[in-house]
Amino acid sequence: MLIFAIDDERAMLDELVEAIAAAEPAAEVRAFKRARPALEAVEGGALPDAVFSDIELPGADGLALARQVKAALPRAKVVFVTAHPGYAVDAFRLHADGFVVKPADAARVREELDALFPAAHAHPRLRVRCFGSFEAFCGDEPLALARTRSKELLALLVDRNGGTCTGAELADALWEGGEVSQPAAYLRMLTMDLREALEAAGLGDVLVRSRNRWAVRTDLIDCDYYRMLAGDPDASASFTGEYMRQYSWAEETAARLYFMRRNMG
């Protein structure tokens, strides 16, 4: 999926790009400070699936940009991002596909993407249990991984809750004692095993790689840990103090969840 992010204010643009990347880690996000370069990219052959644009842009406002994008790419979705909710009337008169009020955040972007591309997100989910020992399932069957460390790699990425990790960060967490002489080579073997197991289960979209950074798509994972973070009372009740108990690096998250549960009463 290709998504354009457009805002003439650098801080707002960076915030928007970060929100889109967090909401849709698998997407390629291209950032623009002006409408003209975005249109030139379209004229040059770029085919964005969605355009998240500020309405007030120097030189050509977002409404004009939307008209031109719609003319060139009728199937492209245009979502306006603005600090002025009063623009919503004009935006929807133009048949805009969505509207986000600043500051943009990943949750709102995710809502818009789910509404715009429901079929694209109707993927099977990986079922994960984090409370107690870590386990991963495809349907009722355990995810078929060739190596125990591959399972720990998946657990580590689940623990990061959609955040990206470099290869070095993953290696540091997996081999705290430095017991592996060639961690980069071993990590490549583990990521290959994990990717192949997920693809064999029809869950290949769960694992996301961008250059030397790895993440999981949390929207494709049914997870007690994620449900607790979202405020699900049943998930919170199922947490008894143990979290991925077989992994020492998980102790920090376990402590955080313990205090969260205590504060929730």
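**View 1. Thr166 and its partner across the strands.** In this predicted model, Thr166 has Arg213 of strand 11 as its bridge partner. Thr166 itself belongs to strand 9; helices (H or I, at least four residues) and strands (E, at least two) are DSSP runs, numbered from the N terminus. Strand 9 (residues 165–166) and strand 11 (residues 213–216) run antiparallel and are joined by 2 bridges, and two strands pair if DSSP finds at least two bridges between them. With a relative accessible area of 18%, Thr166 is buried. Here buried means under 20% relative accessible area, exposed over 50%, and partly exposed in between (1.4 Å probe, protein chains only). Setting aside neighbours within four places in sequence, Thr166 is in contact with Asn212 and Arg213, where contact means heavy atoms within 4.5 Å.

A word on reading these views: residues are numbered from 1 along each chain as its sequence is written, and side-chain values use heavy atoms, with hydrogens and water left out. The model is predicted, so local features need pLDDT of at least 70 and side-chain atom pairs count only at pLDDT 80 or more, while totals for chains, interfaces and linings use all residues.

**View 2. The hairpin of strands 10 and 11.** Strand 11 also has strand 10 (residues 207–210) alongside, running antiparallel and joined to it by 4 bridges. Look for Val208, which stands opposite Ala215 in strand 11. The two strands form a hairpin with 2 residues between them, and Arg211 in the turn has a positive phi of about 55°.

View 3. Strand 6 (residues 126–129) and strand 7 (residues 135–138) run antiparallel, joined by 3 bridges. Arg127 stands opposite Phe137 in strand 7. Arg127 also lies over the face of Phe137, at 4.5 Å from the ring centre; a charge sits over a ring if NZ of Lys or CZ of Arg is within 6 Å of the ring centre and within 35 degrees of the ring normal.

**View 4. One face of helix 1.** Helix 1 (residues 10–23) has 14 residues and reaches 20 Å from its first C-alpha to its last, close to the 20 Å expected at 1.5 Å a residue. That expected span is 1.5 Å times one less than the number of residues. Which residues of helix 1 are buried? They are Leu13, Leu16, Ala19, Ile20 and Ala23. Seen down the helix axis, these buried residues fall within an arc of 130°, so they line one face of helix 1; the arc is that of the directions from the helix axis to the C-beta atoms. The face turned away from this buried side carries the exposed residues Ala11 and Glu18. The cover over the buried residues of helix 1 includes strand 1 (2–6), strand 2 (28–32), strand 3 (50–54), strand 4 (77–82) and helix 5 (106–116).

View 5. The rings of Tyr225 and Tyr243 have centres 5.1 Å apart and planes at 65°, so the pair is edge-to-face. Rings of Phe, Tyr and Trp (its six-membered ring) pair if their centres lie within 6.5 Å; planes under 30 degrees apart count as stacked, over 60 as edge-to-face and the rest as tilted. Tyr225 is in helix 9 (residues 224–229) and Tyr243 is in the loop between helix 10 (233–238) and helix 11 (251–264), 18 residues apart. Tyr225 is buried at 1% relative accessibility, and Tyr243 is buried too, at 3%. Ring pairs link Tyr225, Tyr226 and Tyr243 into a cluster.

**View 6. Around Val158.** Val158 lies in helix 6 (residues 148–159) and counts as buried at 0% relative accessibility. Beyond residues up to four places away in sequence, Val158 touches Val128, Cys130, Phe134, Val216, Ile221, Cys223, Tyr225, Tyr226 and Met244. Met244 has a positive phi of about 45° although it is not a glycine, and Met244 is buried, with a relative accessible area of 0%.

**View 7. A cis peptide bond.** The peptide bond from Lys102 to Pro103 is cis, with omega near 0°. Pro103 lies in the loop between strand 5 (98–101) and helix 5.
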